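Please open the structure in the viewer and follow the selections below in order. Each stop says what to select and what is found there.

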Amino acid sequence: MSISLIGSGICESATLKLNETFSILKAKGEPVIHLGGGEPKSRSPFEAITTTAGLLNSGEIRYAPVDGTIEMKQAIIRYTYDFYNRKVTPENVIASSGAKQAIMVAMQAILNPQDEVIFIAPYYVSYPEMVKLCGAIPVAVYPEDGTFYPALQDVMQNVTPYTKLIIINSPNNPTGAVYSPEFIKEIVEFCEQKGIYLIMDDIYHRLIFDGIKVANPYDYTKQDIENSKLIVINGVSKQYAMTGFRIGWAVANKNLIRVMSNIQGHQTSGPSILMQKAAIGAINGIQSCVESLRLTLQNNRNVLIKYLKTIDGVKIFVPQGTFYSFVDFSAYIKNSTELSKMLLDKVRVLTVPGIEFGAEGYLRISFCGTIKDITEGVERIKWVIDPNSSNELFIGQRKLVRDWK
Ligand SMILES: Cc1ncc(COP(=O)(O)O)c(C=O)c1O
């Protein structure tokens, strides 16, 4: 079988693969706990359901404009005004099948083979693969001070004449770090000065804790949108717990949006009209569901951190947003793939190895599930890794015996 060079260089999505593993084990009746997930468990907003049901009932579900319906674009325009204080036109927005596709078509519109794309490590698993899909070169930047907070200097040291695009994801998947307004200001100004495209992947920007504020990149841009290389990405997946609806969007200059739309037209013909209806319902509907989710996640985070602190030697960074914590287990096992596999094999707890995000020794532990899953999951993890654990652990009726060091 002959496979393309690009195709054969693309890795499977580690996080989506975990969801598959979870479903298989669950179907077998295994007492599995999913702490690797990337989706909130709350119900979709009421308005998302009713608007979709209304269109479904009509029985007329047709093609939609490639870059989104007028109504969808109006909702995105309003969202951009409400949350970014920026007035944009319908030509400045494109709706896609998830934030993922919005990022992908933006990259396809921007990148030539051999161009370099910078993103901050630890990074979202899909960034390197998306860059490779464009034939371009991923460049992960590791903050020199060993924290999860990059400095402009870290980025600058990796910029070459081939750097075409920088991606910033704050709040960050997998660490939950929220980058400072100073850093966002510096990066926006730096990209404008150098003529480098900047993608702000803001998919988690409303899921933030402790009264912290997420910087608005438009506050720092000196260029009007038509001359700007700033692309702001958002979507309904995380904030409205609507991962299955697959609606995300990009806001950028008209020219770029037109090219992205041309590309998208040949890929999917645009997002489903039914799913756009749902997204419109969510964006225009009562927003208390987002606040309620945010508060639940904040409480879940507090519980997770409290439980993790009972494990000696693990290093914990307290997430300021998202629903992920990135925990350093290197005091126990340095190989994160091995540790994650061990947790799955021994106690049926799913976690994502840090290496998938470019950082060895860590596990990404999600707190978007139930409190019971979080507390029981961490107890099982502790039992596996702590040499001082009791010899036995009961999972339901099943008795496990600790026969390893
Ligand atoms: C940082 C980041 N960007 C984009 C996405 C994709 O979001 P969507 O489900 O809207 O495609 C995710 C999903 O996990 C993410 O974590």
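**Stop one: the ligand shell**

Begin with the ligand: of the 13 residues around it, those that come nearest are Gly98, Ala99, Lys100, Gly235 and Ser237. The model is a predicted one. Next, select helix α5, residues 98–110, which supplies three residues, the largest share of the shell around the ligand. Colouring the shell by class shows eight polar residues, three nonpolar and two charged.

**Stop two: a helix pair**

Select helix α4 (residues 70–84) together with helix α10 (residues 273–284); their axes lie 9 Å apart and the two pack at an angle of about 30°. Because angles under 35 degrees count as roughly parallel, α4 and α10 are roughly parallel to each other. Their crossing is left-handed. To display the contact, show Glu71, Met72, Ala75 and Tyr79 on α4, and Gln276, Ala279, Ile280, Ile283 and Asn284 on α10. By class, this contact of α4 with α10 comprises six nonpolar residues, two polar and one charged.

**Stop three: His34**

Is His34 buried or exposed? His34 has 22 C-beta neighbours inside 10 Å and therefore counts as buried, the threshold being 20 or more. Finally, select Asn19, which is 15 residues from His34 along the chain; the C-alpha atoms of the two are separated by 8.2 Å.

How values were computed. Residues are numbered from 1 along each chain as its sequence is written. This is a predicted model: local features need pLDDT of at least 70, side-chain atom pairs count only at pLDDT 80 or more; totals for chains, interfaces and linings use all residues. A residue is near a molecule or strand if its C-beta atom, placed from the backbone, lies within 6 Å of it. Helices (H or I, at least four residues) and strands (E, at least two) are DSSP runs, numbered from the N terminus. Ala, Val, Leu, Ile, Met, Phe, Trp, Tyr, Cys and Pro count as nonpolar, Asp, Glu, Lys and Arg as charged, and the others, Gly among them, as polar. Axes are lines fitted to C-alpha atoms, for helices over the stretch in contact, and angles run from 0 to 180 degrees between N-to-C directions. Angles under 35 degrees count as roughly parallel, over 145 as roughly antiparallel, 65 to 115 as roughly perpendicular and the rest as oblique. A crossing is left-handed if the near helix is turned anticlockwise from the far one by less than a right angle, and right-handed if clockwise. Two residues are in contact if their C-beta atoms, placed from the backbone, lie within 7 Å. A residue is buried if 20 or more other C-beta atoms lie within 10 Å of its own, exposed if 12 or fewer, and partly exposed in between; C-beta atoms are placed from the backbone.
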